[in-house]
Amino acid sequence: MSSDSDNKPEPVIVRLDISALNEARSILYDAYRDEPTFQYLFNHRKPGYKQRVRATLRELVDLYIDLGQEAVGVMVNDTLVAVAFIGDPDLRLNLADQFSWRIRMVLTAGFASTRRYLDYHEKIRAMLSQPLAHQLPLMGVNPKYQNRGYGRLLLKAVQRLCADNPRGSGLVLDTGNNRYLPFYESEGFRSLGKIRLGGFEDHILFREIHPDAKATANQN
């Protein structure tokens with residue numbers, strides 16, 4: 001006789017390709033539309049906020065795919081439930097240099113939102129004590145599958161990928177939601193500082209990850 005746990009589907013880590021981008025964008029939209037950072041950057045009090053968020057996520061996802069960056073997800077049965085996009089340390093992405101991306105952003109998200117996002121991105125870049133760190137600009141879990149450990153599983157997979165790169169010194173991410181801080185701290189992230197955005201602060205977090213730490217990442 002089998003138990004319920006025996007029938008529980010096993011999550012699988014997968015690399016994403018262009019066939020999964022629509023699903024990935026949908027997951028990210030649900031993850032970011034109510035986040036304080038996006039609400040500030042894209043002015044949720046002004047009409048068209050949801051459209052600006054969708055446009056920004058679409059353009060960011062397309063940019064990272066066009067630049068050949070890593071994108072991974074968690075599959076449960078045939079459903080993509082969580083996604084993450086990783087910036088390679090050698091990329092040292094400066095969005096201000098991405099002219100085509102900037103034009104598309106202005107046309108879809110508007111000039112003010114694009115300028116505000118660029119300024120925010122540059123402040124993060126200025127805070128990086130490790131110029132060869134990976135960056136995790138986008139990560140989300142389908143709301144229907146949250147609180148099941150898939151976010152932690154995905155983050156561990158991201159850390160293993162970072163450990164595979166001999167050029168990387170660690171992983172940088174940011175969050176404007178204080179309730180996520182204990183989760184990231186439990187994964188070994190520490191604060192690099194904060195960015196004031198209106199009436200709240202966005203936290204910039206870093207964890208050292210070196211190639212010789214791969215075994216440790218697998219064990220944690």
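Guide: Helices (H or I, at least four residues) and strands (E, at least two) are DSSP runs, numbered from the N terminus. With that, just after H3, Gly68 takes a positive phi of about 70°. This is a predicted model, so local features need pLDDT of at least 70 and side-chain atom pairs pLDDT 80 or more, while totals for chains, interfaces and linings use all residues. Residues count from 1 along each chain as its sequence is written, and side-chain values use heavy atoms, without hydrogens and water.

Visitor: How do you know that H3 has the span expected of a helix?
Guide: The expected span is 1.5 Å times one less than the number of residues. H3 has 18 residues and reaches 26 Å from first C-alpha to last, close to the 26 Å expected.

Visitor: What makes Arg104 and Glu59 a salt bridge?
Guide: The rule wants a side-chain nitrogen of Lys or Arg within 4 Å of a carboxyl oxygen of Asp or Glu. Here the closest N and O atoms are 2.6 Å apart, and the pair qualifies. Arg104 sits in helix H4 and Glu59 in helix H3, 45 residues apart.

Visitor: And what about Glu70 with Arg15?
Guide: Their side chains meet at 2.9 Å, N to O, which makes a salt bridge. Glu70 is in strand S2 and Arg15 in strand S1, so the pair ties together parts 55 residues apart in sequence.
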